[in-house]
Amino acid sequence: MTVFYLAGALFLLGNVAVALARVLRGPTAADRMLSGELMGTTAVAVLLLLYGATGIEALLDVALVFAILAAMAVVTFVRRTWPEDPVDDNGGETP
Amino acid sequence: MIMMAGTVLIVLGLLFFLSGTVGLLRFPDVFTRLHALSKADTLALGLVCAGLALHADDGALQLKLLLIWLLVIVSGATCSSLIARAALAHGIRPWQR
Amino acid sequence: MHPVEVTFDALLLFSMVVLAWQGVHARNMFRAVVSFMMFGLLTAVAWVRLEAPDIALAEASLGAGLTGALLLATLGRLGPERRGPRRRRAMKLSMLPWLALGLVGTTVLLAVTLSLPAPGLGEAVLAAMPAAGVDSPVTAVLLNFRAWDTLLEIGVMLLAVIALWSLGQDVLASTSRLPAPALPALVRVLFPLFVLSTFYLLWRGGHGPGGAFPAGALLAAGLVLALLAGARVPERMRGAPLRWAVGGGLFAFLIVAVGGMWAAGAFFAYPPQHASILIAIVEIAAGLSIGVMLTALFLGGEPTEVRRGRT
């Protein structure tokens, strides 16, 4: 069973590593933020599976902390980072 | 039997994570990518949590798994709406064939 | 170790190196910030793999919450990015000495790490645990055996707040005017949970992974989320009450330390029969104070005390 959980965690990590391409490609800031969001959710799942593999209960607390903070980045991004006027957000490059 | 069901749920959840990643990479614009991502937030994590809850035998642990899932759902839904609104306000038009 | 574990660790390390590289060298500042936030997420997973759930918890609560929010808000204040002429970074010959230096440095560090006595101070800590007043070795080290270090850490944080506040007033006015009806609803749901989990982590700190720093970071994340949803620092909290809250952790810590000098004869010497309650007091005061201090850092300046008209 332990190997099953670990294989699942490995699968998710590989998933996220591929999704990193979206951070590189963009084109808009929102797209980059989305891959951050996916990574947050995946990290929760990875921690849950690692909990399954190891049985360390504190991992559920770590996952809980990730889950409760899941909205932080996007909320700050939308409220503070993305400027109101639709200027280009890719540093001058057109997508 | 219950262990088996839990394992199946976890595998299904992993597949939905995969579909979220594929969607994030392959879909043409922010809004369609949001659609793919929200599947990972709700369905995929929900299936993984449900599978682990079936494997766990402690009520408190199952409650914690449920709480984790609910938190991510609530955050994910709000964030999707926020990003979609912000993208519209920035003049990003939804993709049309 | 099972091959799956080895593959997992290798992939984790590889992703972390890629993200770290992006965080430093990305052409676009926003990309660098997102990479750094993702790097924080993976760091927490790495600490889990190293069987250090305490540090994973601290990294998760600070890295996933406040650090990212601070960086993103700062990016917003910097305004649209002006980019210089595009430079191609090619692998130049002049980089070779640095590369060699890095390799040698890493090797030396590895050799030093391997030559350290294997269990470190772990056994000494475990031997002293009965007198510690708490069940968690990490909390015992942080708040009893090496409380002095923690005191200084809180002092450094307080200094940062003082330095930032002396630069000017708060910058909350720069918030977005985008309509976001779902946001206040989200915060109304989440905020009580943030407070609850803050106290949960403070309570956990007594016998397991948890403690003042993750708890404070969670509290700060909740407060920052409320600020982002449009909440304001209440009028009656501004000025003296807020300053007391910011300095309260350090103050309580110092009182306990000096009290130890008076009662047990040495700075920070807890009388063993009261150690448990004293540590609880220090932990709660420090946790709440850390939360307020981190929020104060996010505010970017002291909230003005008197405001005319609408706030």
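Which residues does A:Ala63 touch, not counting residues up to four places away in sequence? They are A:Val44, A:Leu47, A:Leu48 and B:Ile68, where a touch is a contact, meaning C-beta atoms, placed from the backbone, within 7 Å.

Quick housekeeping. This is a predicted model, where local features need pLDDT of at least 70 and side-chain atom pairs count only at pLDDT 80 or more, while totals for chains, interfaces and linings use all residues. Residues are numbered from 1 along each chain as its sequence is written, and chains are lettered from A and ligands numbered from 1, in the order in which they are written.

Okay, the core. A:Ala63 is among the residues touching the most other members of the largest nonpolar core, along with A:Val44, A:Leu47, A:Val62, A:Phe66 and B:Ile83. That core has 154 residues; a core here is a set of buried Ala, Val, Leu, Ile, Met, Phe, Trp, Tyr and Cys residues joined through C-beta atoms within 7 Å. Buried is 20 or more other C-beta atoms within 10 Å, exposed is 12 or fewer, and partly exposed is in between. Helix α2 of chain A, residues 29-54, gives the most to this core, 16 residues. Helices are DSSP runs of H or I, at least four residues, numbered from the N terminus.

Now the interface: 37 residues of chain B contact 35 of chain A. On the chain B side, α1 (2-26), α2 (30-55) and α3 (59-89) each give two or more residues, and α3(B) has the largest share, 14.

Last stop, C:Glu153, in helix α7 (147-165) of chain C. C:Glu153 counts as partly exposed because 15 other C-beta atoms lie within 10 Å.

Key:
Two residues are in contact if their C-beta atoms, placed from the backbone, lie within 7 Å.
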